[in-house]
Amino acid sequence: DALVFTAGIGENAPWIREMVCEGLEEFGIKLDPMMNMSPSRASSRIDASFSKTKIMVVPTDEELSIALQSVELVRVPEQQPAKEEVTVAPAKVS
């Protein structure tokens, strides 16, 4: 089992993640407050060591998702699927 936070608010609002997890201990969900406050651009776990449920923050590329879906909507039916045509280079983090 896992609770996954993603997109703008899920990635960037530790106070929202804390509020969502508050009171869910009986379901095995326990947030690590220090991990929750640690900024990261990579997928990371923010659950306490004794949490029965994984709590994760997973970055998303919303612009890429929108672009891929848009290409899929406008492509000619006899073309290859757009997913095979699009190449994405990893973003550099400095």
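E18, E22, E25 and E26 together form a negative surface patch in this predicted model. One of these residues, E22, is placed in the loop that runs between α2 (14–21) and α3 (33–37). The relative accessibility of E22 is 59%, so this residue counts as exposed; the cut-off for that class is over 50%.

The mean pLDDT of the protein chain is 84, with 80% of its residues reaching 70 or more. Of the elements of the protein chain, α2 has the highest mean pLDDT, at 95. The lowest mean, 56, belongs to helix α5, which covers residues 82–85.

Another glutamate, E62, is found in helix α4, which spans residues 62–74. E62 has 39% relative accessibility and therefore counts as partly exposed, a class that lies between the 20% limit for buried and the 50% limit for exposed.

Helix α1 comprises residues 7–12, and A7 is placed in it. The backbone of A7 calls for a look: its phi is positive, about 70 degrees, although A7 is not a glycine. A7 counts as partly exposed because its relative accessibility is 22%, while buried would require a value under 20%.

Terms used:
Residues are numbered from 1 along each chain as its sequence is written. This is a predicted model: local features need pLDDT of at least 70, side-chain atom pairs count only at pLDDT 80 or more; totals for chains, interfaces and linings use all residues. Side-chain values use heavy atoms; hydrogens and water are left out. Patches are made of residues with over 30% relative accessible area and no salt bridge: like charges are joined within 9 Å, nonpolar side chains (Val, Leu, Ile, Met, Phe, Trp, Tyr) within 5 Å. Accessible areas come from the Shrake-Rupley method with a 1.4 Å probe; for residues, only the protein chains shown count as cover. A salt bridge is a side-chain nitrogen of Lys or Arg within 4 Å of a carboxyl oxygen of Asp or Glu. Lys and Arg count as positive and Asp and Glu as negative; His and the chain ends are not counted. The place of a charge is taken as NZ of Lys, CZ of Arg, CG of Asp or CD of Glu. Helices (H or I, at least four residues) and strands (E, at least two) are DSSP runs, numbered from the N terminus. Buried means under 20% relative accessible area, exposed over 50%, partly exposed in between (1.4 Å probe, protein chains only). pLDDT is the predictor's confidence in each residue, from 0 to 100.
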